[in-house]
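Dear colleague,

I am handing over the structure we spoke about, with the sequence alongside. Please have both open while you read the notes that follow.

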Amino acid sequence: MRRHERVIVAAGILGLVLLWEGLVRLGWLDAALTPAPGVVLAALVELLGRPEVLTSLAVTGWEVAAAFLIAVPVGLGIGFLLAEVPFVGALFRPLVNFLFGVPKSIFLPVFILVFGVSIPQKIAFGVFTTVFVVIMGGIAAVESVPRELLTVARVYGAGRLQIVREIYVPAMAPILLESARLGMIFNITAVLLCEIYGARDGIGYRIAAWGENLQMPQLYAALAVVAAAAVGVNEALRSAEARLGAWRQAP
Amino acid sequence: MSKAVLSLRGISHAFAVDGVAVPALADIDVDVPDGQFVSVVGPSGCGKSTLLSLAAGLRRPSRGVVLCDGEEVTAPMPRKIGMVFQEANLLPWLSAIENVAFPLKLRGVAKPQRLQAAARMLELTGLAGFEERLPHQLSGGMKQRVAIARGLVQDPGVLLMDEPFASLDEQTRMVLGDELLRIWSETRKTVLFVTHSLHEAVYLADRVIVLSARPGRIVDDVDVSLPRPRTFAMTSSERFGALKERIWRHIRRAERP
């Protein structure tokens with residue numbers, strides 16, 4: 001993000017928080033449903049001191065990371081196969097395109113039946129949701145490699161490995177990172193959805209429980225933590241993308 | 001005349017389109033002596049570019065052989081043959097100097113040496129001071145200069161040029177034509193230059209090879225014999241006009257349906 005963008009985002013968030021505080025004080029917002037930011041902040045500090053909450057965060061973090069680390073290589077492998085091997089592509093690309101349009105959340109009950117309410121179930125569902133995004137990204141990345149540059153590399157004596165290292169990898173890097181970033185957003189959503197739907201631990205599980213018990217300050221505090229973590233991951237990937245893709249920018 | 005650096009012997013080539021062989025070139029025999037600048041012209045689709053990709057070793061001809069320095073060309077020979085394309089085809093993530101150094105990188109030349117060689121080539125092509133620019137920060141003419149520098153960086157004997165100025169505007173094209181002649185006179189490469197501009201073909205070359213419509217055959221081999229250095233004034237001379245007209249007759253005959 002450029003500096004002025006950061007300032008705008010920070011000012012926007014601060015403005016929203018102040019507006020919220022003001023509306024609660026004026027009595028326009030029900031403090032029982034939407035406690036003031038100060039109250040939420042106090043709950044946040046208290047929660048971060050509770051070991052079981054930290055464990056829940058760690059469980060969720062582990063599930064998200066595991067699902068991501070499985071989905072990205074698997075998705076890229078499938079994507080490259082579909083894009084580079086004409087036979088495989090002709091056979092399976094229509095199917096993948098078709099399945100991409102189906103909302104993955106409707107399969108959640110199936111995952112519970114197969115895996116039970118367990119950590120592997122969260123990871124499996126995370127992988128299932130994420131892998132399609134990564135497959136699409138892998139295909140797009142391969143297809144973004146300009147064929148003329150392959151000819152240039154061949155004329156100047158590049159072997160197969162050199163063509164991969166010198167042309168494919170740098171040409172695909174920005175799109176691969178972009179699809180990893182989008183995949184991560186889907187992944188976090190999927191894992192939290194699983195936890196809210198049915199789990200024994202994880203921050204999604206706690207959010208659901210606090211919600212049901214009307215423990216609104218805790219609920220909002222947890223939302224803030226999850227949002228901050230997700231935005232952090234997203235921004236880190238985005239800045240890597242901008243750095244590796246600087247050459248894509250028009251003059 | 002010195003001996004041929006580049007020879008095309010009995011070349012015929014056909015493409016398989018839906019299982020049917022479509023002839024693109026037939027019975028091409030050319031010997032290009034060391035240091036000669038040869039233009040290749042012909043009606044659209046006559047196989048000019050195919051001829052160049054055969055000479056580059058990017059394809060194998062259906063029949064015949066390509067020889068470079070007496071050695072058969074069966075695959076690209078980066079140290080002997082450089083190539084410049086219609087589009088500059090620079091690697092967009094590399095700076096100008098890194099693009100020029102790219103062929104040396106593929107060969108495993110150490111970074112300081114290859115950057116030094118690349119800097120010399122950028123200077124030769126008039127781009128000193130633009131070393132660190134990315135391709136998207138360069139104009140079309142500058143990109144093509146980088147591509148020429150890249151083609152020359154390994155000091156190959158032969159430079160193949162496939163309509164290198166075709167996507168540039170008229171003025172840039174004229175300037176680059178003169179620049180190419182200056183570079184050529186300093187380096188004395190053997191050049192095979194494909195173009196569809198008759199003016200450019202005559203202005204630049206020692207010799208113009210004219211191909212017929214598909215499948216391309218050599219219908220004329222014109223000795224330009226205008227003095228060098230070439231000047232803009234020569235383009236309005238009688239000799240220049242006569243050469244252009246002679247070539248145009250062949251093309252017009254071929255282009256007529």
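Two residues are taken to be in contact if their C-beta atoms, placed from the backbone, lie within 7 Å. Please keep in mind throughout that this is a predicted model.

With that cut-off, and leaving aside residues up to four places away in sequence, Val146(B) touches Ala88(B), Leu90(B), Ala96(B), Asn99(B), Val100(B), Leu127(B) and Leu138(B). Val146(B) also belongs to the largest nonpolar core, which has 119 residues, and is listed there among the residues with the most contacts inside the core, together with Ala55(B), Val100(B), Leu160(B), Leu192(B), Phe193(B) and Val208(B). The largest share of this core comes from α8(A), which supplies 14 residues.

Next, the contact between the two chains. Here 15 residues of chain A are in contact with 18 residues of chain B. On the side of chain A that touches chain B, the elements that give two or more residues are α7 (147–155) and α8 (160–197) of chain A, and α7(A) gives the most, with 6 residues. Sorted by class, this side of chain A has 9 nonpolar, 4 polar and 2 charged residues.

Turning to the strands of chain B, there is an open sheet of 4 strands in the order β2-β1-β4-β5, and its pairing is antiparallel. Strands β2 (20–33) and β5 (71–72) of chain B stand at the edges, each with a single partner strand, so one side of each is left without a neighbour in the sheet. Helix α1 (residues 48–55) of chain B packs on this sheet, where it touches β1, β2 and β4 (63–68) of chain B, and its direction makes about 120 degrees with that of β1(B). Strand β1 (residues 4–17) of chain B is joined to β2(B) by 10 bridges, and the two run antiparallel; within this pairing, the bridge partner of Ile11(B) in β2(B) is Ile28(B).

Strand β2 of chain B also holds Asp27(B), which has a positive phi of about 50 degrees although it is not a glycine. Asp27(B) counts as partly exposed, because it has 13 C-beta neighbours inside 10 Å, whereas a residue is called exposed at 12 or fewer and buried at 20 or more.

Strand β3 (residues 37–41) of chain B is mostly covered, in that 5 of its 5 residues are buried. Phe37(B), Ser39(B) and Val41(B) point one way from β3(B), while Val38(B) and Val40(B) point the other way, and all are buried. In a regular strand the side chains alternate between the two faces of the sheet. As for partners, β3(B) runs parallel to strand β8 (residues 190–194) of chain B, to which 4 bridges join it, and Val40(B) stands opposite Val194(B) in β8(B). Strand β9 (residues 207–211) of chain B is likewise parallel to β3(B) and joined to it by 4 bridges, with Val208(B) in β9(B) as the bridge partner of Ser39(B).

A few backbone and loop details may be worth a look on the screen. The peptide bond from Arg214(B) to Pro215(B) is cis, with omega near -5 degrees, and Pro215(B) lies in the loop between β9 and β10 (218–223) of chain B. The peptide bond from Arg228(B) to Pro229(B) is cis as well, with omega near 0 degrees, and Pro229(B) is found in the loop between β10 and α7 (238–255) of chain B.

In chain A, Leu214(A) is not a glycine and yet has a positive phi of about 55 degrees; this residue is found in the loop between α9 (203–212) and α10 (216–244) of chain A. Leu214(A) is exposed, since 10 other C-beta atoms lie within 10 Å. Finally, Ala75(B) has its place in the loop between β5 and β6 (81–84) of chain B, and with 11 other C-beta atoms within 10 Å this residue is exposed. The C-alpha atoms of Ala75(B) and Arg60(B) are separated by 8.0 Å, and the two residues are 15 residues apart along the chain.

With best wishes

Methods: Residues numbered from 1 in each chain as written. Chains lettered and ligands numbered in written order. Predicted model: local features only at pLDDT ≥ 70, side-chain atom pairs only at ≥ 80, totals over all residues. Pairing = 2+ DSSP bridges. Axes fitted to C-alpha atoms, helices over the stretch in contact; angles between N-to-C directions. Nonpolar A, V, L, I, M, F, W, Y, C, P; charged D, E, K, R; others polar. Core = buried A, V, L, I, M, F, W, Y, C linked by C-beta atoms within 7 Å.
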